[in-house]
Amino acid sequence: MAYRIAVLPGDGIGPDVMAEALKVLGAVQAAFPGLALQCQEYKAGARCYRETGTDLPPETMAACRTADAVLFGSAGLPDVRFEDGTEIAPQLTLRTTLDLYAGVRPIKRYSGVPPALAGDPPIDYVILRENTEGLYASRGGGIQVGNQVATDGMVITRAGTERIVRYAFRLAQKRRGAPGDGARRVTCVDKANVLKSMAFFRRVFDDVAREFHDVAADHVYVDAMTVRMVQRPQRLDVVVAENMFGDILSDLGAATVGGMGLAPSADVGDAHGLFQPSHGTAPDIAGKGIANPIAQILSAAMMLDWLGERHGDDRARAAGRAIEAAVAKALADPTCHTADLGGRASTVAVGDAIAATVRETGRE
Ligand code: IPM
Ligand code: MG
C-alpha cells in the first residue's frame, strides 16, 4: 500500500526546497523497500491566487482532505494581498479546515552549525503551538470601522486548550527530558498576569497538568520566555503556547539553533497531518538555488514519523529517523552549509548529499 501525499510547493523558495525534499523521499523509498509514497503536486498560494482568483482551488482542498498526509512548501508573496491588507496564507486555512490543532515545532541544535548563543548550550525542545484559535481565530474577521479603528479578538476555549496541553504532556512522556537536567517538563507560556483569556489558558493548563504525574508543569510569561530561550534553553523540554505566541517564539527558537532554514514543523490533528518548514517564501532568494532545503527535508522526516505512528508502520518511522541522521551528517560538514549558515553549498548540493547518505543507509 502506498501512502498518498498531497504536495503543495507554493510560492517563492517553496518549489526550490520542495524539489530537494522529494529527492530525499525518493532515496528513502529506495533504501527502505516496501515503503511507498505516491506524491502528487497541487497548486496553492499567492501565485495561484493571482492566476486563478483562489489560493486553495477545490481540487487542492479535496486532495488535502483525502491524502494520507500533506507536504507543504511555503506560501505568500508580499505584493499579493487580500483586500483587507493581509497576505495569502492557505496554510492557515488548512490548519483550521482540517483541524490541525497541534503545531509541533522542534528546536534542536545540531553539531556543526555555527553557534548562535554564548556558551553554546545543548538545545533540544519542542514548541507546541495551538493552531486553530487564539489571536489567529480573528483572521478574516475582526472589526474594522472605516479608516479609523480595527480590532481582533483573542479566542481561548477550554476544549481547544485541553487538547493542545494534553498533546504537550503526552509528547513530554515520549521524550527524554530537557538536555540540561534530564527533567520531563511542560512549560506553559502565557500572559496570565495581564489578560483574562491568558489567565484562563493557564487555569486549563493546570487542570490538565494534574492528569500527568510523571511530567513537571512549569509557567513562564511570554516576555520572560524570550529571555529564557536565549539564556537557559537547555532547561526547556516541551513548551505550549497560544497560536500567536507560538508563532513568534518559534522564530526566536529557530534563530537560536541556526535560523529558519533549519526549522521544520508538523501541523497535526486527530484526522490529518500537514508538514511544512516554519519559514516563509523568501522571495528575494527564490529560484537562485541558494535556499536551505533542510527545514523542508526535516518536515518530510516528521511526516514519515507521523505516518509511522499513525499506521503502526515501523518502516516509515525508521525512514524518518534515517533522514534525520542524514541531515545531522550533512550539518556536521561545513561544505554542505548553505549561505544562511555561512557556507557556499547550493540547494541542490545539500539535497544530493542528504539523499546519498539516505541511500547508503539502505545498503548497510
Ligand atoms: C508560520 C508562518 C505563518 C503563520 C504565516 C506565513 C501565515 O509564519 O507558519 O509560522 O503566521 O502561522
Ligand atoms: Mg511564523
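An oxygen atom of ligand 1 lies 2.6 Å from an N or O atom in the side chain of Y136. The model is predicted. Ligand 1 sits in the second largest pocket.

- The side chain of R129 has an N or O atom 2.8 Å from an oxygen atom of ligand 1.
- D247 has a polar side-chain atom that lies 2.8 Å from an oxygen atom of ligand 1.
- On its own, ligand 1 has 320 Å² of accessible area, and the protein covers 77% of that.

**The shell around ligand 1**

- The residues surrounding ligand 1 are A89, Q91, L92, R95, R105, R129, Y136, D247 and S278.
- Y136, R129 and D247 are therefore part of this shell, since a residue counts as near when one of its heavy atoms lies within 4 Å.
- Helix α4, residues 90–97, gives the most to the shell, with three residues.
- By class, the shell has four charged, three nonpolar and two polar residues.

- The volume of the second largest pocket is about 900 Å³.
- Its lining counts 36 residues.
- Nearest the centre of the second largest pocket are E87, A89, L92, Y136 and R139.
- Among these, A89, L92 and Y136 also belong to the shell around ligand 1.
- Four elements each supply at least two lining residues: α4, β6 (143–145), β7 (149–151) and α8 (243–256).
- The lining of the second largest pocket divides into 14 polar, 13 nonpolar and nine charged residues.

**The largest pocket**

- The largest pocket has a volume of about 1300 Å³.
- It is lined by 35 residues.
- V104, L171, R175, M302 and D305 lie nearest the centre of the largest pocket.
- Several helices each give at least two residues to this lining: α5 (158–174), α9 (294–311) and α10 (314–331).
- The strands β4 (102–108), β5 (124–130) and β11 (266–268) also each give at least two.
- Helix α9 provides the largest share of the lining, seven residues.
- The lining of the largest pocket has 17 nonpolar, 15 charged and three polar residues.

Terms used. Residues are numbered from 1 along each chain as its sequence is written. Chains are lettered from A and ligands numbered from 1 in the order in which they are written. This is a predicted model: local features need pLDDT of at least 70, side-chain atom pairs count only at pLDDT 80 or more; totals for chains, interfaces and linings use all residues. Side-chain values use heavy atoms; hydrogens and water are left out. A polar contact is a pair of N or O atoms within 3.5 Å; within protein, one must be able to donate a hydrogen and the other to accept it, and residues adjacent in sequence count only if both atoms are side-chain atoms. Accessible areas come from the Shrake-Rupley method with a 1.4 Å probe; for residues, only the protein chains shown count as cover. On a 1 Å grid over the protein atoms alone, a cavity is a set of points where a 1.4 Å probe fits but cannot get out, and a pocket is an open set with protein on both sides within 12 Å along at least five of seven lines; lining residues have an atom within 4 Å of a point. A molecule sits in a cavity or pocket if more than half of its atoms lie within 2 Å of its grid points. Ala, Val, Leu, Ile, Met, Phe, Trp, Tyr, Cys and Pro count as nonpolar, Asp, Glu, Lys and Arg as charged, and the others, Gly among them, as polar. Grid points are joined across faces, edges and corners, and a volume is the space filled by probe spheres set on the points.
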